[in-house]
Amino acid sequence: MTRVRVQQAVFEAGAEQAALTAGRTDIGAVVSFTGLVRDFNERPEVQALSLEHYPGMTEAALEEIVTEAEARWPLQGVRVIHRVGRLAPGDPIVLVVVARAHRRAAFEACDFIMDYLKTRAPFWKKEHTASGEYWVAERETDHQDARRWETTS
Amino acid sequence: MSLTHLNARGEAHMVDVGDKPESRREASASGVIRMRPATLALLADGQLPKGDVLATARIAGIQAAKRTHELIPLCHALALSKVSVDFELDEAESCVRVSASCRLTGRTGVEMEALTAVSVACLTLYDMCKAVDKDMEIGAIHLDAKTGGKSGDYRRDAPAEPAPIVTGEGEAGEVSLGARCALGEPCILVKCLAELRERLGVGEVAVSVDHLETADVAGLKAALKAMDPRFAALEEGRVLCAVNQVMAGNATPLTAEDEVAFFPPVTGG
């Protein structure tokens with residue numbers, strides 16, 4: 001099991017967490033974030049989402065983000081899964097699981113990985129709505145979120 | 001699975017259905033006849049020289065379903081309880097979609113009857129319109145669903161929408177600029193991803209290193225614009241660049257065999 005995966009198939013957050021902590025007694029905290037497809041975004045009535053990525057570079061970018069997280073917080077386990085292809089509202093799209101001896105670092109590292117993933121990993125969303133399909137635009141708030149980590153390091 | 005129309009010696013024979021229980025059987029099939037938009041417009045307006053095209057094709061399809069056993073050698077003659085043939089004019093695709101459904105209570109399936117009805121309705125449409133359009137094309141004739149009988153219910157899966165996961169590959173409907181490199185010439189492979197690919201209508205293009213004034217990303221952009229003015233879009237809005245899958249800028253040097261990707265800001269998560 002590699003710590004970074006890009007896949008079409010659905011993932012199961014509970015199973016991923018169990019795999020990460022199996023046989024371990026040094027882990028005191030597991031923080032997990034699951035992102036779901038919303039049925040509203042820039043426009044209402046989102047019926048589906050298509051996710052594209054840049055195979056090869058995507059995996060490398062996620063690996064780099066995890067490596068940077070590990071340099072900031074000594075972590076005992078990380079799992080990042082991002083789905084691609086066509087997804088429906090309510091479907092899980094991204095999973096970040098971070099295991100650590102204490103909770104603070106686990107919370108922070110999970111937050112950090114998501115912020116960097118949203119601004120650095122080459123994924124693109126196209127939303128299919130009742131009023132047509134369009135590519136999702138980048139958000140300044142995501143960049144602001146990512147910049148928080150530049151001053152605290 | 002064996003073919004029921006072949007006996008133990010591999011010879012064709014008609015299956016004896018006398019001992020099979022009667023059950024309610026239904027089947028639906030569909031097909032498409034593509035034509036010029038002008039032909040479709042004439043058809044819709046009832047302006048074709050042979051008269052009411054759709055009514056004629058409908059009767060032809062129903063008649064054909066009833067006579068399937070005369071056309072298809074090992075088919076049984078069936079007392080169909082219902083045959084319907086319907087047409088949908090699709091202006092966007094410039095075609096007529098033909099569908100047929102057949103029903104009976106009996107011992108054999110009615111899928112051949114539904115397929116025959118669609119085929120003959122399409123042929124009749126061709127005959128009725130051929131005076132104005134000889135390029136019409138009949139296609140995609142298939143069984144959509146059948147219910148009843150020993151082999152159970154069948155429903156054709158809708159063709160899966162292509163999941164555009166792998167970006168940077170040309171897709172249907174795109175204008176391909178083709179490889180601009182002669183065989184053996186040192187090339188740079190350029191990929192346009194996601195929204196940028198759709199905006200430019202270009203997925204992949206190869207550029208000869210010799211066309212670059214300066215051997216860097218800025219030089220590549222200039223060469224692309226010289227090849228095709230659409231690449232001016234590379235300067236519009238925020239367009240990111242990666243060389244060999246590592247983020248890069250205008251000054252990043254390039255050599256032959258490099259893979260350069262241009263793409264919009266990322267929106268994952």
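Leaving aside neighbours within four places in sequence, which residues is B:His76 in contact with? The partners of B:His76 are B:Val17, B:His69 and B:Thr108, where two residues are in contact if their C-beta atoms, placed from the backbone, lie within 7 Å.

## The model and its conventions

This is a predicted model, in which local features need pLDDT of at least 70 and side-chain atom pairs count only at pLDDT 80 or more, while totals for chains, interfaces and linings use all residues. Residues are numbered from 1 along each chain as its sequence is written, and chains are lettered from A and ligands numbered from 1 in the order in which they are written.

## The two chains in outline

Chain A contains 4 helices and 8 strands, and chain B contains 6 helices and 10 strands; here helices (H or I, at least four residues) and strands (E, at least two) are DSSP runs, numbered from the N terminus. Read from the N terminus on, the elements of chain A follow the order β-α-β-β-α-β-β-β-α-β-β-α.

Of the 153 residues of chain A, 35% count as buried, and of the 269 residues of chain B, 35% count as buried. A residue is called buried if 20 or more other C-beta atoms lie within 10 Å of its own, exposed if 12 or fewer do, and partly exposed in between, with the C-beta atoms placed from the backbone. Among contacts between residues at least 6 apart in sequence, 77% in chain A join residues at least 24 apart, and the corresponding share in chain B is 67%.

## A sheet and its helices in chain A

Chain A has an open sheet of 4 strands in the order β1-β4-β6-β2, with mixed pairing, where two strands pair if DSSP finds at least two bridges between them. The edge strands, each pairing on one side only, are β1 (4–7) and β2 (29–36) of chain A, and the twist from one strand to the next averages 10°. Within this chain, strand β4 (residues 77–83) and strand β6 (residues 92–100) pair in the antiparallel sense over 6 bridges, and A:Ile81 stands opposite A:Leu95 in β6(A).

Helix α1 (residues 13–21) of chain A lies across β2, β4 and β6 of chain A and runs at about 25° to β6(A). Helix α3 (residues 103–120) of chain A also packs on the sheet, where it touches β2, β4 and β6 of chain A, and its direction makes about 150° with that of β6(A). For these angles, axes are lines fitted to C-alpha atoms, for helices over the stretch in contact, and the angles run from 0 to 180 degrees between N-to-C directions.

## Helix α4 of chain B and the annotated positions

Helix α4 of chain B covers residues 111–129, and its 19 residues, at 1.5 Å a residue, should span 27 Å, which agrees with the 27 Å between its end C-alpha atoms; the expected span is 1.5 Å times one less than the number of residues. This helix is mostly covered, as 16 of its 19 residues are buried.

An unreviewed UniProt entry lists B:Leu74, B:Cys75, B:His76, B:Met112 and B:Glu113 under "binding site". Although these positions span 40 residues in sequence, no two of their C-alpha atoms are more than 12.5 Å apart, so they gather at one spot. UniProt positions are given in the numbering used here, feature names are shortened, and annotations may be inferred rather than shown by experiment.

B:His76 sits in the loop between α3 (68–71) and β2 (82–90) of chain B, and B:His76 is partly exposed because 16 other C-beta atoms lie within 10 Å. B:Glu113, in contrast, lies in helix α4 of chain B and counts as buried, with 29 C-beta neighbours inside 10 Å. Not counting residues up to four places away in sequence, B:Glu113 touches B:Ala65, B:Thr68, B:Leu78, B:Leu80 and B:Cys102. The feature "active site" is placed by UniProt (unreviewed entry) at B:Asp127, which lies in helix α4 of chain B and is partly exposed, with 14 other C-beta atoms within 10 Å.

## Where the chains meet

The contact takes 20 residues from chain B and 28 residues from chain A. On the side of chain B that touches chain A, the elements giving two or more residues are α5 (194–200) and β10 (259–263) of chain B.

Strand β10(B) is mostly covered, with 4 of its 5 residues buried. Strand β6 (residues 187–192) of chain B pairs with β10(B) in the parallel sense over 4 bridges, whereas strand β8 (residues 240–243) of chain B runs antiparallel to β10(B) and is joined to that strand by 4 bridges. B:Val260 in β10(B) stands opposite B:Val190 and is also the bridge partner of B:Val243.
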